[in-house]
Amino acid sequence: MSMISGIQGQLLEVTVVSCNKLKDTEWISRQDPYVCLEYGSTKFRTRTCTDGGKNPTFQEKFVFTLIEGLREINVVVWNSNTISYDDFIGSGKIQLHKVLSQGYDDTAWPIQTKIGRHAGEVRLIMHYANANKPATSYAPSAPPYAAPQPQAPMYSVPPPHLASYPPAAAYQTPSPYPAYPPHSVAYPPTPYPPPQTTAYPPAYPPPSAYPPVSYPPPSQDYSYPPGPYQGTYPPRPY
């Protein structure tokens, strides 16, 4: 109870949203409901929802000044009549413990007839800005989450972190590649001499190395007998 003490003079906002499944007091036409709220000596009344029937809608907000020790609101729903007295539909009590401790309450409160029968529901949304429970339960936890803020400089200065590595110029300059000996020098040339054409002897002597032609000139044919064979054949008999 201590966490909802000290409410004297504080403000409580109460919004009458709607009514659900009200008792119907009309036989012929649709009823015209309205809602009355009473807290201490303060009384408020909503507008009349003409032809609202069993499910009228209001959406009207009222502000109460809280009284220490008084933690309930009386609610009464009536049906408006133009000729006769207004018809009583139902009444009930709204408990304020939840809204005073948590700061918010959205509930459909039941109402009853004079003989205790169910007469429908009244939906109210209540706000209390000075609720102590959320403030006392979350305030201590705020500093621990604010403490990690000094860690921000650790992540906000990435350039010095990169300075711990060797200078980037050592990797960016293309000079390291020419600095190494040529690829041909990297392998010893002695085991395998280079394939030079002058190192091998000529497989065949050059054309000038051959001796002069020893064969007789093609114009004279000395391998065959001389021409006497041309006239040795006898003449033909006919």
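This is a predicted model: local features need pLDDT of at least 70, side-chain atom pairs count only at pLDDT 80 or more; totals for chains, interfaces and linings use all residues.
Residues are numbered from 1 along each chain as its sequence is written, and side-chain values use heavy atoms, leaving out hydrogens and water.

Strand 2 (residues 33-39) pairs with strand 3 (residues 42-45) in the antiparallel sense, over four bridges. Pairing here takes at least two DSSP bridges, and strands are DSSP runs of E, at least two residues, while helices are H or I, at least four, numbered from the N terminus. Two residues lie between the strands, and Gly40 has a positive phi near 65 degrees.

Now the core. Which residues have the most contacts inside the largest nonpolar core? They are Leu12, Val35, Leu37, Ile73 and Leu96, in a core of 30 residues. Such a core is a set of buried Ala, Val, Leu, Ile, Met, Phe, Trp, Tyr and Cys residues joined through side-chain atoms within 4.5 Å. Among the elements supplying at least two residues each are strand 2, helix 1 (97-102) and strand 8 (118-127).

Finally, Asp105, which sits in strand 7 (residues 104-112). Is Asp105 buried or exposed? Asp105 is buried, at 2% relative accessible area; buried means under 20%, exposed over 50%, partly exposed in between, with a 1.4 Å probe and protein chains only. Beyond neighbours within four places in sequence, the contacts of Asp105 (heavy atoms within 4.5 Å) include Lys98 and Leu124. Thanks, all!
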